[in-house]
Amino acid sequence: MAYGDDIVGDRKSQSGMDFENEKKGDIYSPQYEGDMVDKMSDTERNIVEAGIQKYNRLGWKRLTVVMIVEAIALGSLSIPSAFATLGMVAGVITTVGLGFVAIYTSDLIGQVKLKFPDIAHYPDAGRLMFGRFGYEIIYVMLGLELLFLTGSHCLTGTIAFINITESSVCSIVFAVVSAILLLLLAIPPSFAEMAILGYIDFISIIVAIGITMIGTGVESTNQPGGLSAVNWSAWPKDDISFTDAFIAITNIVFAYSFALCQFSFMDEMHTPKDYIKSIWSLGIIEIVIYTLTGAIIYAFVGQDVASPALTSAGHTLSRVAYGVALPVIFISGSINTVVLGRMIHGRIFKNSPIRFINTKMGWITWLAVITIITVVAFIVAEVIPFFSDLLSICSALFVSGFTFYFPALMWFMLLREGSWFTPKNMMLGALNLICLLIGLITLGAGTYASVDDIVNNYKSGSVRGVFTCAAPE
């Protein structure tokens, strides 16, 4: 985190930036931080120095692992269902195309972080673009998105436990168990510490997807007519509605939502300029995994593929796949709690060493914050108890901004240099205008489609009620 003269000084030299010698809201300047440290006792100063060291240990390889933990989870489980709606051709084009757009916009976020090293979280970039209003709006958006993400993982955990146990126990019990596991895994406040769990997380999702692919392939082969009888299509399904099409697109958008935490992750890097290695590594890994997962499972299962896709592996193998996927469900979910907890905790205690979470009071307040977040996320999972629509709402309202239109606006407002009429600026201007339009269309059309689908599902009675024991969809 950008605390202390030495740390901020290093980042200043990397970016060539000159900082104003004043406190700017929730972004700290070197002079302000230095004055604050000078007024501290020796004990408090030691706490601050230890905290700076604790939150400045992330290299690009660990950053890649942390971003994989945050990114490759629920998104991959919804892709095959999206392919079933859009068809193989449009599914592949949309998945690959949006993947490269997400890599580009993530690179823009990295450039902004290097140019303005004091940015600790996404809302700080909002302040630079739109002042205090921008900070508060993006703060609320990011907070809600992270809550929805944690809620999505709570919901997926519930679905997993129901499938694994085949128990008649009320689904709310499994939801409570899922929430408790998410809370326990969110206790470590440092992303460098979370990276250790990332290796388990990555292996978990790869093995779970592999089991699903093998299971669906074997089951389809053994059916009358074999693989040639599977009802998959290169083209969108018959009589596809606008709502169905955009639910599918927003589910793919959701899979590339790693940009929303990038400022927070980069704030712990000891060499922030290495971020480019991480986003390209993650981006290519995501594109390959998502495309293969969507295309292969859809080709094996056809129009009846479930969301989450693990349910399509057959009775026994789906239970095995969900069991293997438990680490990714809860580890990936907990990192969203950590990011939101760090935002809230850091804001409440921005003028106190408590923010470093390395004292008794720091730990007490940290545990209180993440507990409240987990409880609210549990409520979200119970209020919107259907997987695809919950992901779609997240994509339309929030990911559309964090991954597409906000980074585009950052280029126009923070990164562009020189005349508009240079070939470079004209080309980048057109590219960022496309990113801006992708985000705004996803925001408008995706929100409409999500709300419309939720209303239709409740009217048809195809989903369970709020806080009921019926299994979530």
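Residues are numbered from 1 along the sequence as written, and side-chain values use heavy atoms, with hydrogens and water left out. Because this is a predicted model, local features need pLDDT of at least 70 and side-chain atom pairs count only at pLDDT 80 or more, while totals for chains, interfaces and linings use all residues.

The chain has 16 helices and 0 strands (DSSP runs, H or I of at least four residues for helices and E of at least two for strands, numbered from the N terminus). Of its 473 residues, 59% are buried, meaning under 20% relative accessible area with a 1.4 Å probe, protein chains only; exposed is over 50%, and partly exposed is in between.

The rings come next. A pair of aromatic rings is described by the distance of the centres and the angle of the planes. The structure holds 16 aromatic pairs (rings of Phe, Tyr and Trp, its six-membered ring, with centres within 6.5 Å; planes under 30 degrees apart are stacked, over 60 edge-to-face, the rest tilted). Y122 and F263 have ring centres 5.2 Å apart and planes at 90 degrees, so they sit edge-to-face. This pair links distant parts of the chain, with Y122 in helix α7 (residues 122-165) and F263 in helix α11, 141 residues apart. Y122 is buried at 0% relative accessible area, and F263 is buried at 0% too. Y122 also pairs edge-to-face with F402, at 4.8 Å centre to centre and 65 degrees between the planes. Ring pairs join Y122, F263, F402, Y405 and F406 into a cluster.
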